[in-house]
Structures are given as C-alpha cells and as structure tokens.
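This report describes the fold, the sheet and the nonpolar cores of one protein model. The sequence and the coordinates are shown first.

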Amino acid sequence: MRHGILVSTVILFAATMLAQQKPAEQKAAEQKPVSTTKFATSKDGSKIAYEMSGSGPAIMLLHGAGQTRQEWARTDYVKRLAPNFTVISLDFRGSGESDKPLKTEAYAIDRMMEDLLAVADAAGAQRFHLWGFAYGGVV
C-alpha cells in the first residue's frame with residue numbers, strides 16, 4: 001500500500017506542476033535578456049558603461065543624443081535581438097552611467113571611436129556590427 005500512496009503522490013505532484021506551467025509562447029515572451037552594467041576603460045581613462053545580453057554574433061547598439069543605452073531596452077530592441085546576437089549597448093561618454101569629461105576635446109570623434117573599441121575589447125568582441133539611430137547613427 002505504501003507504494004500506491006507514493007505513486008499517487010508523485011502523480012498528484014506532477015499534475016500540479018504541469019497545471020502551473022505556462023504555455024511555451026507566454027514563457028518566451030515573459031523572459032527578459034539578462035544583463036548587468038559593466039564598465040570599459042577607454043584610452044584616455046574614461047569609464048564607459050555598457051551591458052551585454054544574448055548570444056551569437058556581436059552587435060553594438062548606439063543611442064541618440066540626450067538618451068542612454070536604456071532606450072534600446074525600453075523599446076524592446078535588446079529583447080528581440082538577444083536570441084540571435086550578443087547585444088552590447090553602451091552609454092556614450094557624457095551620457096547615462098559613463099564618465100562625463102569636462103573638456104570639449106574629450107568628445108572628439110576619435111575619443112568616441114576609442115570608447116567603442118574599449119567596450120568591444122572588454123566584451124570580448126573581436127568583430128561586431130554597429131547599429132545606431134540619430135546621433136548614434138552619425139558616429
């Protein structure tokens with residue numbers, strides 16, 4: 001009789017677990033890419049904030065003027081790209097959590113390129129795609 005109770009308990013437990021599971025489509029929609037803020041050090045010593053999530057070929061997302069890397073997550077680009085790409089979103093110097101140098105020459109395009117390369121190196125991306133909008137598209 002003990003075996004019968006044990007089998008019934010296992011079946012009841014399995015049925016309860018299955019009833020609590022959500023459909024696969026709903027689970028996938030609710031999953032968010034895992035990312036945490038990291039920092040790369042640019043050639044001039046500036047700290048550049050970035051996040052990484054997903055897997056696959058690297059793609060670096062460049063935000064517009066007056067925005068931060070969070071704009072990409074807010075508009076679900078990170079969530080939609082992460083299943084197929086290693087998504088790297090960064091805060092340009094002067095934005096978000098990145099350093100905000102006081103000298104104008106610190107914002108020259110050469111410094112910005114050094115920032116992108118520092119982030120790529122820190123992220124382990126030997127090759128990467130760039131995707132920018134507004135100011136990020138100009139860079």
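## Basis and overall fold

Helices (H or I, at least four residues) and strands (E, at least two) are DSSP runs, numbered from the N terminus. This is a predicted model, in which local features need pLDDT of at least 70 and side-chain atom pairs count only at pLDDT 80 or more, while totals for chains, interfaces and linings use all residues. Residues are numbered from 1 along each chain as its sequence is written, and side-chain values use heavy atoms, with hydrogens and water left out.

The protein has 6 helices and 5 strands, which follow the pattern α-α-β-β-β-α-α-β-α-β-α along the sequence. Of its 139 residues, 31% count as buried (under 20% relative accessible area; exposed is over 50% and partly exposed lies in between, with a 1.4 Å probe and protein chains only). The accessible surface comes to about 9,000 Å², with 59% belonging to carbon and sulfur atoms; areas come from the Shrake-Rupley method with a 1.4 Å probe, and for residues only the protein chains shown count as cover. Among contacts (heavy atoms within 4.5 Å) with a separation of 6 or more, 68% join residues 24 or more positions apart.

The 5 strands form an open sheet in the order 1-2-4-3-5, with mixed pairing; two strands pair if DSSP finds at least two bridges between them. Strand 1 (38-41) and strand 5 (129-132) are the edge strands, each pairing on one side only. On average, neighbouring strands are turned by 30 degrees against each other, direction ignored. Helix 5 packs on this sheet and touches strand 1, strand 2, strand 3, strand 4 and strand 5, and its direction makes about 45 degrees with that of strand 2. Axes here are lines fitted to C-alpha atoms, for helices over the stretch in contact, and angles run from 0 to 180 degrees between N-to-C directions.

## Strand 4

Strand 4 pairs with strand 2 in the antiparallel sense over 5 bridges, and Val87 in strand 4 is the bridge partner of Ser53. Strand 3 runs parallel to strand 4 and is joined to it by 5 bridges. Ala58 stands opposite Thr86 in strand 4, and Leu62 stands opposite Leu90.

Because 5 of the 5 residues of strand 4 are buried, this strand is largely enclosed by the rest of the structure. Thr86, Ile88 and Leu90 point one way from strand 4, whereas Val87 and Ser89 point the other way.

The loop between helix 4 (77-81) and strand 4 contains Ala82. Ala82 is buried, at a relative accessible area of 9%. Its C-alpha atom is separated by 6.1 Å from that of Ser53, 29 residues apart along the chain.

## Nonpolar cores

A nonpolar core is a set of buried Ala, Val, Leu, Ile, Met, Phe, Trp, Tyr and Cys residues joined through side-chain atoms within 4.5 Å. The largest one has 17 residues, of which Met60, Ile88, Leu90 and Val119 touch the most other members. Strand 2 (47-54), strand 3 (58-62), strand 4 (86-90) and helix 5 (109-123) each give two or more residues to this core. Helix 5 provides the largest share, 6 residues. Apart from this core lies another of 7 residues, among them Leu61, Trp72, Val78 and Val87.

Leaving aside residues up to four places away in sequence, the residues that Ile88 touches include Tyr50, Met52, Ala58, Met60, Val119 and Ala123.
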